[in-house]
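Welcome! Let us take a friendly walk through this structure, one contact at a time.

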Amino acid sequence: MTGHSSTIKNRKARHEYEILETLEAGIVLKGTEVKSLREGRASFKDSYARIMDGEAWLINFHVSHYKQGTIYNHDPLRKRKLLLHKQEIKRLRGKTEERGLTLVPLEIYFKEGLAKVRLGLARGKQVHDKRRDIAKRDMDRDTQRELKNKYRI
């Protein structure tokens with residue numbers, strides 16, 4: 001990912017959801033929010049995106065107060081508008097309403113000086129799916145470890 005800096009990832013999203021599709025969206029921020037994000041002071045806990053009134057919004061995304069900010073600092077949990085084309089919004093609205101999918105923020109990063117959010121169109125995983133993924137990951141890790149030890153000189 002060339003040109004990306006200050007990446008904050010939602011590590012829990014890939015565990016909780018099966019990501020079917022990803023897309024990039026711009027995000028409307030205030031000045032102190034940008035400075036906090038550049039410092040990496042944000043949390044994806046319980047955050048999601050929603051299409052309301054023909055616009056995309058990022059909800060429950062926590063951006064901490066900027067340390068050197070004044071009394072006019074931003075509200076940490078305010079709704080933040082996402083910048084998408086109308087066709088993308090219509091397509092996402094259809095998929096989230098008809099199929100019961102969820103828009104989950106996967107990461108936030110800066111690209112050429114602009115804040116971007118990578119959204120995932122996701123379906124919630126069941127407990128047995130999570131267990132299967134964990135078992136597969138453990139098996140892959142053990143296989144890699146054995147191969148490494150086998151070819152070690």
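This is a predicted model: local features need pLDDT of at least 70, side-chain atom pairs count only at pLDDT 80 or more; totals for chains, interfaces and linings use all residues.

Residues are numbered from 1 along each chain as its sequence is written, and side-chain values use heavy atoms, leaving out hydrogens and water.

The structure holds 12 salt bridges (a side-chain nitrogen of Lys or Arg within 4 Å of a carboxyl oxygen of Asp or Glu). One of them joins the side chains of Arg80 and Glu33, at 2.8 Å from N to O. This pair links distant parts of the chain, 47 residues apart: Arg80 sits in strand E7 (residues 80-83) and Glu33 in helix H2 (residues 31-38). Helices (H or I, at least four residues) and strands (E, at least two) are DSSP runs, numbered from the N terminus. Both Arg80 and Glu33 are buried (buried is under 20% relative accessible area, exposed over 50%, partly exposed in between, with a 1.4 Å probe and protein chains only).

Strand E7 also holds Lys81, whose side chain meets that of Glu55 in a salt bridge of 3.1 Å, N to O. Glu55 lies in strand E5 (residues 55-59), so the pair ties together parts that are 26 residues apart in sequence. Glu55 is partly exposed at 28%, and Lys81 is partly exposed at 29%.

Finally, look at Gln126, in the loop between strand E9 (114-124) and helix H4 (127-150). Gln126 is partly exposed, with a relative accessible area of 47%.
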